[in-house]
Amino acid sequence: MSVVTWINDQLWGYLLIFLLCGTGIFFTFKLRFVQVRLFTKSIKYALGGKKSGPAGSDGMSSFQSLTTAVAAQVGTGNLAGAATAIAAGGPGAIFWMWITAFFGMGTVFAEAVLAQVYKEEVNGQVRGGPAYYLSKGVGSKALGGFFAVTIILALGFIGNMVQANSIGAAFDTAFGIPPLAVGIVTAIIAGMIFSGGVKAIAAFTSKVVPVMAVLYIIGSVYIMATNAGAILEGLKMIFIGAFDPAAATGGVLGATVKEAVRYGVARGLFSNEAGMGSTPHAHAVAKVTHPGQQGAVAMFGVFFDTFIILTLTALVILTVPIDGTLTGIALTQTAFSASMGPFGEVFIAVALFFFAFSTIVGWYFFGEANVRFLFRSDKAVKVYSLIVMVFIVLGCTLKVELVWQLADMFNGLMVLPNLIGLLILAKVVSKYLKDFEVDFLEKGESKLAQQPVPAEVKES
C-alpha cells in the first residue's frame, strides 16, 4: 500500500465523512433548517439573479456565480459517481446521497455567506473563498495559505488533469480520436476562456451550463419515459436498499447497509462539494445586495446537482438489469445505450465532454482566486493558466490511476482547514442569516450587508 493510498483510506474511509456530515448537521440545526425555510427564496434568487450588469473585475451576476459553481459541481461525478455508488453500495446508496445533500445545503449556505462577507479586491479583481475568510475571519494566514496551496494542486492542476483524461477516453471510445489531439484542442479552447478573465468565464458558464443541463435532463427523461414501468421499481429499490440492500437487488450486488451508507455519503459529498471549500470562490464574486441572498443561491446549486442531475442518472441506471460486473462510466453508458442504441454511447461522450470541460473552467477559476491570494500578482495568474493548459494535455494522454489518488488526497486535505473556518465563524453566519430574514426580507433594510467586516460581528 502506497503512502497516498494510506492517507486516502484515513481521510475518506471515515474521518471526512464524519466531519463533513457532522458539519452539515451542525449548520442545519444552528441555522434552524435554513434549507427548508428559505427553499422557495433559493429558487427565486437562483433563477432570477441574471440582472446586475456585465461580469468584470467587480464580480459577476448571482446567476453567473451559480452557473460557475454548478459547472464545477456537475462534472464526471454525476455520470460516474452515481453508478459507482450503486455498484458498490447498492441502489440504497442514492438515498444516502440525498440525505447528505440535504444537510450539505446547510453547509454550503454558510460557505457562501462567509465568502461574501470576507471577499476582497486583489489587484483590481474581487475575489474570495476559504483562504480569505480563514485569513481575515479566523485570523490565520497559515490555514489560509495551506488551503490555497492544496486547492491549487487538487483542482487547478491534478483535478483538471483527471477531468481532461475523462474527455480523452470518451472521445477515443466513441469517435476513435487520438487522446493527444483531444488534449491539445481542449487546452487551446480552455486557454482562450482563461485569458478572457472573469468576463469570459462568466459568459461561458452562464450559456453552456444551462444548455448542458437541459439536454442531459431531456435525454434522461426520454429513457425514463421509454421504461416508465421500471421507474417505480427503481425508486422502491432505492428506499428499500437504504436499509436492506440484499432485498433491493436479490443479493446480486452483495452490498450491506454499512456499504450503502458509506458509498452513498462519500460519493454524495464528492459530487455536490458542500463543505469542501470549492464553490465559495464562485459565490464570493456575486454582485448581490446581501450575503444571505447568495447563501440561498448556493443551496439551490447543491439541490440541482444531487436531487435533479444525479438522481436522473441513478433512475436511468436502475431501469436496466444490474449484473454486478459493471461500474463507473461503463455502467452509465450501458444504461443509456440500452434505450438509445449506439447513439447512447455518443450521447454520454458528448455529455461527458461538456460536464468535464465546464468543471475544468470552474476549477481553474477556483485555483486562480487562490493564486491571487498567495502571490497578489497578475503575472502569477498567467503562469498558473499556462501550467493548467499543460496538465490538460498530459491528462488526456496519461494513465491516471495515481493521479486520481493524488487528487483525492489533496481534495481531502483542503477540506480540513475549511471546516475549521466554518465552525469558528458559525456565529458570523448566524448573525447574517438573522439580519437577512428579519431586517432585509421583512423590513427592506440591513444592519450588516453594507459593511465589509461588520464591527458587531468582529466583537462577537
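Begin with aspartate 378 and arginine 372, whose side chains form a salt bridge with an N to O distance of 2.7 Å. A salt bridge here is a side-chain nitrogen of Lys or Arg within 4 Å of a carboxyl oxygen of Asp or Glu. The model is predicted: local features need pLDDT of at least 70, side-chain atom pairs count only at pLDDT 80 or more, and totals for chains, interfaces and linings use all residues. Residues are numbered from 1 along each chain as its sequence is written, and side-chain values use heavy atoms, with hydrogens and water left out.

Aspartate 378 is partly exposed at 40% relative accessibility, whereas arginine 372 is buried at 7%. Buried means under 20% relative accessible area, exposed means over 50%, and partly exposed lies in between (1.4 Å probe, protein chains only).

This pair belongs to a network of salt bridges that links Arg127, Glu368, Arg372 and Asp378. Within that group, arginine 127 and glutamate 368 pair through their side chains at 3.0 Å, N to O. Arginine 127 lies in strand S2 (residues 125-127) and glutamate 368 in helix H17 (residues 342-375), so their contact ties together parts that are 241 residues apart in sequence. Helices (H or I, at least four residues) and strands (E, at least two) are DSSP runs, numbered from the N terminus. Arginine 127 is buried, with a relative accessible area of 3%, and glutamate 368 is buried as well, at 4%.

How many salt bridges does a search of the whole structure find? The search finds 6. One of them joins the side chains of arginine 37 and glutamate 437, at 2.2 Å from N to O. Because arginine 37 lies in helix H2 (residues 34-37) and glutamate 437 in helix H20 (residues 426-443), this pair connects parts that are 400 residues apart in sequence. Arginine 37 is partly exposed, with 32% relative accessibility, while glutamate 437 is buried at 13%.

Ile25, Phe29, Phe33 and Val36 make a nonpolar surface patch of about 360 Å². Patches are made of residues with over 30% relative accessible area and no salt bridge; like charges are joined within 9 Å and nonpolar side chains (Val, Leu, Ile, Met, Phe, Trp, Tyr) within 5 Å. Accessible areas come from the Shrake-Rupley method with a 1.4 Å probe, and for residues only the protein chains shown count as cover. Phenylalanine 29 is exposed, with a relative accessible area of 53%.
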